[in-house]
Amino acid sequence: MNGTRATELLEATRNFLLESILPDQEGFLAYSTRVAANNLAIVSRELELRGGIEKLDEGINRTLSLQNKEGSTSTTLARGLRDGIIQVDDDLIKYLRQRTMLCMEIDNPRYSGLLLARDRWETGDAQE
């Protein structure tokens, strides 16, 4: 590429869909165009934020001495919790909260649950 970031290309394509294509559509085509535009926004946010998720995963892998030979960190954690190999502690709760918030920021940054989680988890007013 010539210096244009992938997220810029995605945003330009999204704007094209919303501003040039969508106004001439109706019904299912209008709906599909909105879905496509929203998908481009999700991909753009994932490109920007996935490094944070990878960093969190690497940190919890080190903290818990996890070996992800058979799948993702999420899969390894789920199996470890299920099998009683991993115990829930403050580090794990902190990781899960941070990762959940990043995933929500990717999927839908305007989701009311994200706003509530930020308010409770970042101010320390978490209700277990």
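The model is predicted: local features need pLDDT of at least 70, side-chain atom pairs count only at pLDDT 80 or more, and totals for chains, interfaces and linings use all residues. Residues are numbered from 1 along each chain as its sequence is written, and side-chain values use heavy atoms, leaving out hydrogens and water.

**Confidence**
- Mean pLDDT (the predictor's confidence in each residue, from 0 to 100) is 89 for the protein, with 92% of its residues at 70 or more.
- Among the elements, α1 has the highest mean pLDDT at 96, while helix α5 (residues 112-122) has the lowest at 82.
- Helices here are DSSP runs (H or I, at least four residues), numbered from the N terminus.

**α1 against α2**
- Helix α1 (residues 6-21) packs on helix α2 (residues 27-63) at about 165°, and their axes are 9 Å apart. That makes α1 roughly antiparallel to α2 (the label for angles over 145 degrees).
- Axes are lines fitted to C-alpha atoms, for helices over the stretch in contact, with angles running from 0 to 180 degrees between N-to-C directions.
- The crossing of α1 past α2 is left-handed (the near helix is turned anticlockwise from the far one by less than a right angle).
- On the α1 side, the contact (heavy atoms within 4.5 Å) includes Leu10, Leu17 and Ile21, and on the α2 side Leu40, Val43 and Leu47 are among the partners. By class, the residues of this contact split into 11 nonpolar, 5 polar and 2 charged.
- For those classes, Ala, Val, Leu, Ile, Met, Phe, Trp, Tyr, Cys and Pro are nonpolar, Asp, Glu, Lys and Arg are charged, and the others, Gly among them, are polar.

**α2 against α4**
- The axes of α2 and helix α4 (residues 90-107) come within 8 Å and cross at roughly 170°, so these two are roughly antiparallel as well.
- Residues meeting here include Arg45, Glu46 and Asp57 from α2, and Asp91, Arg99 and Glu105 from α4. The tally for this contact is 10 nonpolar, 3 polar and 7 charged residues.

**Two residues up close**
- Arginine 99 sits in helix α4 and counts as buried at 18% relative accessibility (buried means under 20% relative accessible area, exposed over 50%, partly exposed in between, with a 1.4 Å probe and protein chains only).
- Leaving aside residues up to four places away in sequence, arginine 99 touches Ile53, Leu56, Asp57 and Ser74.
- Serine 20, in helix α1, is partly exposed, with a relative accessible area of 38%.
- Serine 20 and asparagine 38 are 18 residues apart along the chain, and their C-alpha atoms are separated by 15 Å.

How values were computed
Parallel < 35°, antiparallel > 145°, perpendicular 65-115°, else oblique.
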